[in-house]
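Here is a short briefing to read alongside the sequence and the coordinates.

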Amino acid sequence: MKFKSAYLIIFSILCFAGKSQNSEWLATSSVISFKIKNAGFNTNGKFTGLKSKIIFDATTTSGNLIEASLDASTIDTDNSTRDGHLKKEEYFDVQKFPLIKLSSQKFLKQNEGSFNGYFKLNLKNVVKDIMIPFTFSEKEGKGVFKGSFTLNRLDYGVGGSSIIMSDNVTISLTVYVIKK
């Protein structure tokens, strides 16, 4: 009986020792952009200041983690007057809520290199579940995450109801990473 128990313990150790852990990735650059219809025209903008913790292996959906934050005050629409207005309480209220946060809950693989990520998005202290379809490609220790999703800005208290500005905002993400 002791021999059988010892054998099972050694076998378990060997199986787990050979199992690779998910890789940790360091974001080297990113493009976080948005598009919203305003007065019949598309208004484009972007955020910088991405900070992240990324543990990801494209061959599995378990053990993966993405936590990220953006500096809300970095909003840039190529119009400093509009940017100043968007930083105020009615929109992003960057004084009170300096960070936009994203935290993964789970990942589902769709096909090779394509995933659905389920996240908690915290914007102005309103936390909602969102799904972001994304791709991940990797070559020689470098990788890129690309995704796009739409959200309703009113769900997060960003601006008020308007006949001029759309409620829906499309957000596109491209994050370049290297293996740590």
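**Aromatic rings and the core**

F56 and F136 are both buried. They come from a predicted model, and their rings make an edge-to-face pair, 5.2 Å from centre to centre with 70 degrees between the planes. Since F56 belongs to strand β3 and F136 to strand β7, the pair ties together parts that lie 80 residues apart in sequence.

**Other ring contacts**
- F115 and F134 are stacked, because their ring centres are 5.4 Å apart and their planes meet at 20 degrees.
- This pair also links distant parts of the chain, with F115 in strand β6 and F134 in strand β7, 19 residues apart.
- Both F115 and F134 are buried.
- The whole structure holds 13 aromatic pairs, and ring pairs join W25, F56, F107, F115, F119, F134, F136 and F145 into a cluster.
- K106 sits over the face of Y118, 5.2 Å from the ring centre.

**The nonpolar core**
- The largest nonpolar core has 38 residues, and F47, F56, F92, I100, I130, F136 and F145 touch the most other members.
- Strand β9 gives the most to this core, with five residues.
- Leaving out residues up to four places away in sequence, F136 touches residues including W25, F56, F115, F145 and V177.

**The chain as a whole**
- The protein chain has two helices and nine strands, in the order α-β-β-β-β-α-β-β-β-β-β.
- Of its 180 residues, 36% count as buried.
- The accessible surface of the protein chain is about 11,200 Å², and 55% of it belongs to carbon and sulfur atoms.

Technical notes: Residues numbered from 1 in each chain as written. Predicted model: local features only at pLDDT ≥ 70, side-chain atom pairs only at ≥ 80, totals over all residues. Heavy atoms only, no water. Helix = DSSP H or I, 4+ residues; strand = E, 2+ residues; numbered from the N terminus. Buried < 20%, exposed > 50% of the residue type's maximum accessible area, 1.4 Å probe, protein only. Areas by Shrake-Rupley, 256 points an atom, 1.4 Å probe, with all protein chains shown as cover. Core = buried A, V, L, I, M, F, W, Y, C linked by side-chain atoms within 4.5 Å. Contact = heavy atoms within 4.5 Å. Phe/Tyr/Trp six-rings, centres within 6.5 Å; stacked < 30°, edge-to-face > 60°. Lys NZ or Arg CZ within 6 Å of the ring centre and 35° of its normal.
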